[in-house]
2 protein chains.
Amino acid sequence: MSSPILISLDAMGGDHGPSVVAPGVRDYRKRHGGEGVRFILHGDETAIRAEMAKCGLTDDVCIVRHTDKVVAMDEKPAQAMRRGKGSSLWNAIEAVKSGEAGAVVSAGNTGALMAISKLLLRMSAPGLERPAIVASWPTPKGVTAVLDVGANIESDAAQLVEFAIMGEAFMTAVHGVARPTIGILNVGSEDMKGHEEVREAARLLREGGFGLDYFGFVEGTDIAKGTVDVVVTDGFTGNIALKTAEGVAKFIAGLMKEALTSSVTSKLGALLAMPALRRMSQKIDPNANNGGPLLGLNGIVVKSHGGATSAGFGAAIRVAVELARSDYMEKVGANLQRLTTLLEDPIVSSAEEPVGESIQ
Amino acid sequence: MSSPILISLDAMGGDHGPSVVAPGVRDYRKRHGGEGVRFILHGDETAIRAEMAKCGLTDDVCIVRHTDKVVAMDEKPAQAMRRGKGSSLWNAIEAVKSGEAGAVVSAGNTGALMAISKLLLRMSAPGLERPAIVASWPTPKGVTAVLDVGANIESDAAQLVEFAIMGEAFMTAVHGVARPTIGILNVGSEDMKGHEEVREAARLLREGGFGLDYFGFVEGTDIAKGTVDVVVTDGFTGNIALKTAEGVAKFIAGLMKEALTSSVTSKLGALLAMPALRRMSQKIDPNANNGGPLLGLNGIVVKSHGGATSAGFGAAIRVAVELARSDYMEKVGANLQRLTTLLEDPIVSSAEEPVGESIQ
């Protein structure tokens with residue numbers, strides 16, 4: 001039924017390489033059927049084949065492309081770009097560039113993945129310095145997409161609008177939300193709050209005719225509430241918000257563990273409540289929402305956490321498959337084109353330029 | 001033993017007015033003795049005296065200054081400045097300006113408190129647009145001060161250094177940390193990460209001779225870990241980090257409640273573990289760390305949460321007393337002066353100006 005598709009995997013990436021990538025493929029197929037989905041695994045053939053055998057994966061599902069070369073997890077992006085050619089990471093991306101594969105997944109070095117993806121695939125969003133990373137944030141309503149969470153340190157209004165366009169298409173393609181709502185992260189919900197970049201981005205989203213469901217400004221508390229489907233923010237604030245949240249979740253988990261093991265009575269209580277508590281922790285398990293696409297490239301690249309489990313890697317594969325099968329690239333392409341045209345229009349862009357110049 | 005001191009209270013501020021302010025005074029005295037500390041309560045005399053009577057507070061502890069006028073919780077700052085004169089909020093701050101009181105505490109309208117404090121007391125930190133707000137963030141090690149969490153949207157390097165100076169003195173005065181460590185919030189710990197403002201602030205803190213214990217860049221996860229005693233950030237990022245954390249904590253608390261009431265067995269488990277869980281939730285109870293000083297003014301102003309309990313208001317009084325009794329103002333004054341001198345020095349400020357200009 002579904003169209004056949006090829007997913008390129010960096011089998012050597014991450015903390016565990018093929019011993020998580022092969023079980024990740026198995027896990028994806030178990031959960032999602034994987035009909036019509038085949039994989040190219042790039043890396044050490046012997047190691048990959050050994051893990052494939054353990055997982056019962058055969059050549060009709062996995063194509064192995066041997067390479068000895070690996071980009072180390074701590075390698076600097078510039079170095080990885082210079083000497084990464086022919087590595088499992090590089091070859092995995094090149095399979096997308098050549099059109100052979102519909103998407104690539106890697107749990108490898110984030111900086112290297114970003115740099116080599118940008119080098120090989122080039123940016124499709126003209127305003128972006130580098131790809132934007134999306135976090136799928138658990139909320140009582142499901143998942144909210146937050147972007148950018150780490151790549152673009154200073155984001156002007158046009159970049160924020162690009163994040164909105166890409167985040168919206170991502171929510172539809174991957175999380176099946178028909179008409180995602182979009183909020184811009186700010187320090188208050190009133191129109192005059194925040195700095196020039198967020199106010200101008202809000203104006204463009206309201207008046208730009210992108211066909212997006214723009215909700216307005218949202219605050220930090222709104223992320224975990226799930227007030228909107230897509231939260232747009234610059235990469236500096238987004239990265240800090242995400243990591244702050246991770247720190248708080250870990251702190252509370254630590255306190256809870258301490259409390260539930262502090263006495264015999266509380267240990268007994270914890271034992272009784274354990275199945276419910278386990279279900280709860282699954283809701284905020286980062287592996288369940290693993291797979292952060294790097295958006296804004298001419299091709300689909302998905303980053304898995306370096307330390308993801310096989311279930312986590314399987315979740316990242318799912319993100320790649322859903323994006324590759326959707327009309328994400330076309331939808332985004334059309335709206336990015338619209339933005340470019342809008343910004344060239346002197347009337348629309350007047351808020352950013354002195355009037356004298358835009359009249360010329 | 002301790003020197004006598006007068007604390008000015010906006011008795012009408014917050015969601016509950018005198019019915020929390022008077023019990024707050026009683027709570028403070030019960031926990032901290034309050035020897036040598038007297039209070040001026042500004043607001044409706046009849047209402048205040050009724051609450052004082054309930055709490056057993058007499059005239060030798062509380063001086064009542066009547067006024068009918070109150071700034072509403074939803075009044076715009078500009079409006080509050082125009083027509084707030086003679087209100088309980090205004091008079092409470094004026095008692096600090098005149099030198100009668102050593103500090104003021106209000107649970108009232110934050111924007112109005114900021115605006116009227118700035119109007120009456122004036123800024124002591126020359127680079128700041130408005131006062132910086134400090135959040136006392138619970139960590140496994142105790143408390144980390146995070147500032148600014150909401151006032152200054154765009155902060156240059158000099159402002160970030162001012163936050164470091166004020167946050168450090170705050171941690172010593174209020175939390176008794178002898179030599180607080182300071183980190184600047186960033187997207188990574190390497191020196192070249194982040195935007196120009198944070199890198200330049202780091203350089204000033206390293207090389208400026210402020211006598212501060214500068215640790216380096218910290219990430220979002222480091223806040224709740226307690227990696228440093230003071231986390232410095234611009235008001236935009238700080239506000240979003242704080243509110244994101246609040247949202248996440250609330251989300252996890254909701255999941256936990258849901259899990260612990262999901263079945264008879266888990267309810268029984270929750271019952272057994274309840275004392276331990278209650279002790280845990282006290283550690284992250286916002287009332288325990290209530291009282292965010294507005295820093296950078298010529299006078300000590302402490303903001304209590306509008307919805308604080310009497311224990312929470314008592315905690316805010318403690319912050320005001322500790323700041324007023326310490327050498328906070330002198331210590332900060334000396335280092336702010338040092339910063340001003342440094343920034344006027346062409347060699348030190350060369351990173352911010354073209355060389356040609358700074359040589360002239």
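This is a predicted model: local features need pLDDT of at least 70, side-chain atom pairs count only at pLDDT 80 or more; totals for chains, interfaces and linings use all residues.
Chain A is split into domain 1 (1–122 + 297–326) and domain 2 (132–289 + 328–360). As those ranges show, each domain is made of two stretches of the chain.

**How the domains sit together**
- The centres of domain 1 of chain A and domain 2 of chain A, taken over C-alpha atoms, lie 26 Å apart.
- Where they touch, domain 1 of chain A brings 16 residues and domain 2 of chain A brings 11 residues.

**The buried area**
- Between them, domain 1 of chain A and domain 2 of chain A bury about 990 Å².
- Carbon and sulfur atoms account for 66% of that area.

**Polar links across the interface**
- There are 3 residue pairs in polar contact between domain 1 of chain A and domain 2 of chain A, with both residues of each pair at pLDDT 80 or more.
- The count of salt bridges between these two domains is 0.

**The domain 1 side**
- Helix H5 (110–121) and helix H11 (310–325) of chain A each supply at least two residues to the side of domain 1 that touches domain 2.
- H11(A) gives the most to this side, with 7 residues.
- Sorted by class, the side of domain 1 of chain A that touches domain 2 of chain A holds 8 nonpolar, 6 polar and 2 charged residues.

Conventions: Residues are numbered from 1 along each chain as its sequence is written. Chains are lettered from A and ligands numbered from 1 in the order in which they are written. Side-chain values use heavy atoms; hydrogens and water are left out. Domain bounds come from an automatic or database domain assignment. Contact means heavy atoms within 4.5 Å. Buried area is the accessible area (1.4 Å probe) that two parts lose on being put together, summed over both. A salt bridge is a side-chain nitrogen of Lys or Arg within 4 Å of a carboxyl oxygen of Asp or Glu. A polar contact is a pair of N or O atoms within 3.5 Å; within protein, one must be able to donate a hydrogen and the other to accept it, and residues adjacent in sequence count only if both atoms are side-chain atoms. Helices (H or I, at least four residues) and strands (E, at least two) are DSSP runs, numbered from the N terminus. Ala, Val, Leu, Ile, Met, Phe, Trp, Tyr, Cys and Pro count as nonpolar, Asp, Glu, Lys and Arg as charged, and the others, Gly among them, as polar.
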